[in-house]
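Work through the exercises below with the sequence and the model open. Each task is followed by a solution in steps.

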Amino acid sequence: MPLDNPRSNFSKWYDEVLLRASIVDVRTPTKGANVLMPNGYEIWEAIKNFMNKKFKETGHKNAYFPLLIPEEFLQRESAHFEGFIPEVAWVTHVGNTKLPQKFALRPTSETIMYHMYAQWIHSHADLPLKYNQWCNIIRWDTKETRPLLRDREFFWSEAHTAHSTYEEAAKQVEQSMEIYQSLFDALCLSYLTFQRPDHDKFAGAEYTIAYDAPLPNGKVLQIGTTHHLGNNFAKPFDVKFLDTDGETKFVFQTSYGISTRLIASILSIHGDDQGLILPPKFAPTQIVIVPIIFKKKSEGILEACQELEDELVELGYRVFADLREQYTSGWKFSEWEMHGVPLRLEIGPRDLKNNSVLAARRDTLEKENVARGELGDFISDVFDKMAIYLKKRADAALASLMRNARTLAELKEIMRNNRGIVKSNWCEDVECAKKVKDETSSSILGTRQGVIETPDGPCLVCGNEGKVVAYIASSY
Ligand SMILES: [Zn+2]
């Protein structure tokens, strides 16, 4: 049975594709804490592999910190505490005995990590320090949960750095932006980078940079963030170093992260009404081989499929020869299209005779006869072409969602009809931002990072002078 179109009925398409492509199973006893199935988990592993390579190239090291964070740690930075308290789950008892101190299940790890940083950092020679942690975190969101989009438990990467000056930390913010850009480009995603408005920055940060990618329903998904923390955490956690001038100073810090939310973005933006389309670099299975058997005459065909699988595995591809006899080739085609496998190779009697295969691209659904001797070159070439095609399609999707509004009424109209990412003028008053949120189910994402834009009119809410060009969207 075909799926709905992700663009016309995203919600239904999304739930169905997660189940049918075995990405997430939500039938758990804990709302918002789901099973990431092997197909979903392997996408995450591919992301981890990509990031670990980037981290290594840029002087980051992986480490692991405790899950339990003492309440007193969270309280030390007041903005941080206020920001996270509504979503924190607490451990209060051991057996029937109440603990003298509550422990939070980490909603993020700044406090526990910086408590340790204070013990490791002594002099300028210990800086910069750049550690990353891959772990699960718990944020007990009381709003409606959605698998991968809004979970109570999810996986993420959180990198935490310490530097001797504010400027060096700011440079680290830029490096994180470059690292994420290379990841998002490799995933063929199209996104916008914003500086979040002050009222919406990370709790305890000087400023927050966020990466927002559109979904087919016109909402946006924050796929990553970077925070300049100043020395807002260094002071309460006493992270100090002896500088070259002989003075003891507080370090300056940054933190940045991506999470399994990223998977939601990849699935949604590339998928179609046949199912998922996965970027070749990140697909758990990159190539599926399907034998075409007429009147049960399988002589030589199954063997040829098996040989081809071995050959392609040897070349370094993730391949599956689907030789199961109880399924028809037609069933296998739709099954693997649903799973988003980038390339399907078919071998039937005529292909066997001609020493060729029929190759079908998942993205364009185009088919092509390829001589066996040319298959290696064909695959590497077609994977490059698919990445370009997917990126172009994602760019077009983003461009088609860009809108303009000059008044709150215009914004309301857009949000009622087809949503999108709305460019407007804003006075930077938090009351106007609040009004946008209360009256339109959307919010101010911020100002474009690295793009200088001048307001061309008054604030869309109050009509006073527009101080910045702000972007507004409905988000998860
Ligand atoms: Zn205003």
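**Exercise 1. A residue of the core**

Task: List which residues isoleucine 472 touches, leaving out those up to four places away in sequence, and find its place in the largest nonpolar core.

Solution. The model is predicted. Step one: beyond four places in sequence, isoleucine 472 touches Leu411, Val422, Ser424, Val436, Ser442, Ser443, Ile444 and Leu445. Step two: the largest nonpolar core has 109 residues, and Ile472 is, with Leu189 and Ile289, one of those that touch the most other members. Helix H12 (residues 375-400) gives this core its largest share, seven residues. As background, nonpolar side chains in soluble globular proteins tend to be buried together.

**Exercise 2. Leucine 189**

Task: Decide whether leucine 189 is buried or exposed, and state where it lies and what it touches.

Solution. Step one: leucine 189 is in the loop between H6 and strand E9 (192-195). Step two: count C-beta neighbours inside 10 Å; leucine 189 has 23 and therefore counts as buried, the cut-off being 20 or more. Step three: leaving out residues up to four places away in sequence, its contacts are Phe184, Ala213, Ser265, Ile266, Ile269 and Ala394. Step four, a distance: from leucine 189 to threonine 165 is 24 residues in sequence and 33 Å in space, C-alpha to C-alpha.

**Exercise 3. Two partners of H2**

Task: Describe how helix H2 (residues 38-57) packs against helix H6 (residues 166-186) and against helix H8 (residues 261-270).

Solution. Step one: the axes of H2 and H6 come within 11 Å and cross at roughly 150°. Angles over 145 degrees count as roughly antiparallel, so H2 and H6 are roughly antiparallel to each other. The crossing of H2 past H6 is right-handed. H2 contributes Phe50, Met51 and Lys54 to the contact, and H6 contributes Ile179, Ser182, Leu183 and Ala186. Sorted by class, the contact of H2 with H6 holds five nonpolar, one polar and one charged residues.

Step two: H2 and H8 pack at an angle of about 105°, with their axes 10 Å apart. The range 65 to 115 degrees counts as roughly perpendicular, which means that H2 is roughly perpendicular to H8. Here Gly40, Ile43, Trp44 and Ile47 of H2 meet Leu262, Ile263 and Ile266 of H8. The contact of H2 with H8 divides into six nonpolar, one polar and no charged residues.

**Exercise 4. Backbone exceptions**

Solution. Proline 128 sits in the loop between helix H5 (110-120) and strand E7 (129-138).

Leucine 365 counts as exposed because it has 12 C-beta neighbours inside 10 Å, and the cut-off is 12 or fewer.

Arginine 419 is placed in the loop between helix H13 (408-417) and strand E21 (421-426). With 20 C-beta neighbours inside 10 Å, arginine 419 counts as buried.

How values were computed
Residues are numbered from 1 along each chain as its sequence is written. This is a predicted model: local features need pLDDT of at least 70, side-chain atom pairs count only at pLDDT 80 or more; totals for chains, interfaces and linings use all residues. Axes are lines fitted to C-alpha atoms, for helices over the stretch in contact, and angles run from 0 to 180 degrees between N-to-C directions. Helices (H or I, at least four residues) and strands (E, at least two) are DSSP runs, numbered from the N terminus. Angles under 35 degrees count as roughly parallel, over 145 as roughly antiparallel, 65 to 115 as roughly perpendicular and the rest as oblique. A crossing is left-handed if the near helix is turned anticlockwise from the far one by less than a right angle, and right-handed if clockwise. Two residues are in contact if their C-beta atoms, placed from the backbone, lie within 7 Å. Ala, Val, Leu, Ile, Met, Phe, Trp, Tyr, Cys and Pro count as nonpolar, Asp, Glu, Lys and Arg as charged, and the others, Gly among them, as polar. A nonpolar core is a set of buried Ala, Val, Leu, Ile, Met, Phe, Trp, Tyr and Cys residues joined through C-beta atoms within 7 Å.
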